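Please open the model in your viewer and keep the selection panel at hand. The tour moves from one selection to the next and says what is found at each stop.

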Amino acid sequence: MKAVALSAALFCTMAPALHAQEALMVGVRSNATGMAHTSEALVDITFLVFSGPLEEDGFEGYVAFICDSALVEMQTVFGAELSIEVVPLLAAEVFPALRSGEIDIICSPTTATKKRLSNYISSPPVFLSGVTYAQRKPVGEAATCSALVGSLGGSTSGLALIATIAQSGSFRDDGIILERFRVKDDSWQEAYADCDDPPAAPIRQYDGHLELAKAFCSSEIKYYVGDYEIVALTLQAYRKTDPICDYAISDRMFSEERYVLLGNTYRTSPEKTRFIATFFEILNRQVFFQPSILNEAFEDSFPKGQAPQS
């Protein structure tokens, strides 16, 4: 009898180790201005927030607001059973982290593509945007000794979309340089023949939008390519520190960017899968039921007078 009691005591002592709580890993972009960014990323622009795990870690913006709303309801459902860990990421880090299982959910302005929708659990579209570009004013015709186009590393506004903009004639004569570069015609370098320090390529990628805005306003690049709302809000914020940065944003959209939130249910425990599935069940209900969380998020995340017109 004593042996049985001792075995039971040992089992009870060991049981918590066998069922250690797994945190739900929530990835969030720290630099997608207006969508998901750290609260100190913007200058003199105050965003209202939904009080939740992302807000507590210093994140705000439209997508962060939506995620926090679902996460807070999850905390009510699961109580102490649910632990949430927030993981800040750059755009280029999002899918490697999602594929590897480093994160379970990504709270980011993530464009829906056929491949992504096939590989991950997805929310319905939560925002519609489009890729466009900004250019400095006054608009010049000639190429300079700087790179021509800057875009975000790891985003969908890559070479193919830059080529689409160039082929539309929007970049004027600079489009010829970009097209030659795209087809690996080295004659693009002739445009920089008189430059003491020519760029290695006419296109540069940056880790974040604030870095892009700084490069754009300092004439390191001539065109800033990205999703309309993020470009508009980032430049609007950056002008607080550089008021002489005068620019124009094209009102033409060269793509349709439907933002979704994604989750990874591969190589996860049954408990983690249950958390992820519950997150998307709550999110879907909050999106479709009235009043929709999307309306509240837009009203509270884009300050009056700050939201770009589209």
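The stops below cover the disulfides and then a pair of packed helices.

Before selecting anything, bear in mind that this is a predicted model. Begin with the cysteine sulfur atoms: a search of the whole structure finds three disulfides, and when the bonded cysteines are numbered in sequence order their pairing reads 1-2, 3-4, 5-6.

Select Cys67 and Cys107, which are joined by a disulfide with an S to S distance of 2.0 Å. The pair links distant parts of the chain, 40 residues apart, with Cys67 in helix H3 (residues 62–78) and Cys107 in strand E6 (residues 105–111). The angle about the S-S bond is -105°, and the link of Cys67 and Cys107 is left-handed; both Cys67 and Cys107 are buried.

Next, select Cys145 and Cys195, whose sulfur atoms lie 2.1 Å apart in a disulfide. Here the partners sit in loops, Cys145 in the one between strand E9 (131–136) and strand E10 (147–152), and Cys195 in the one between helix H7 (174–182) and strand E11 (203–206), with 50 residues separating them. This link is also left-handed, with -90° about the S-S bond of Cys145 and Cys195.

Now select Cys217 and Cys245, joined by a disulfide with an S to S distance of 2.1 Å. Because Cys217 lies in helix H8 and Cys245 in the loop between H9 and strand E13 (247–249), the pair ties together parts that are 28 residues apart in sequence. The torsion about the S-S bond of Cys217 and Cys245 is about -75°, so this disulfide is left-handed. Cys217 is buried, with a relative accessible area of 9%, and Cys245, at 0% relative accessibility, counts as buried too.

On the H8 side, the contact is made by His209, Leu210, Ala213, Lys214, Phe216 and Cys217, which meet Ile230, Thr234, Leu235 and Tyr238 in H9. The residues of this contact divide into seven nonpolar, two polar and one charged.

Among the buried residues of H9 are Tyr228, Glu229, Val231 and Ala237.

Notes: Residues numbered from 1 in each chain as written. Predicted model: local features only at pLDDT ≥ 70, side-chain atom pairs only at ≥ 80, totals over all residues. Heavy atoms only, no water. Contact = heavy atoms within 4.5 Å. Helix = DSSP H or I, 4+ residues; strand = E, 2+ residues; numbered from the N terminus. Nonpolar A, V, L, I, M, F, W, Y, C, P; charged D, E, K, R; others polar. Buried < 20%, exposed > 50% of the residue type's maximum accessible area, 1.4 Å probe, protein only. Disulfide = S-S within 2.5 Å.
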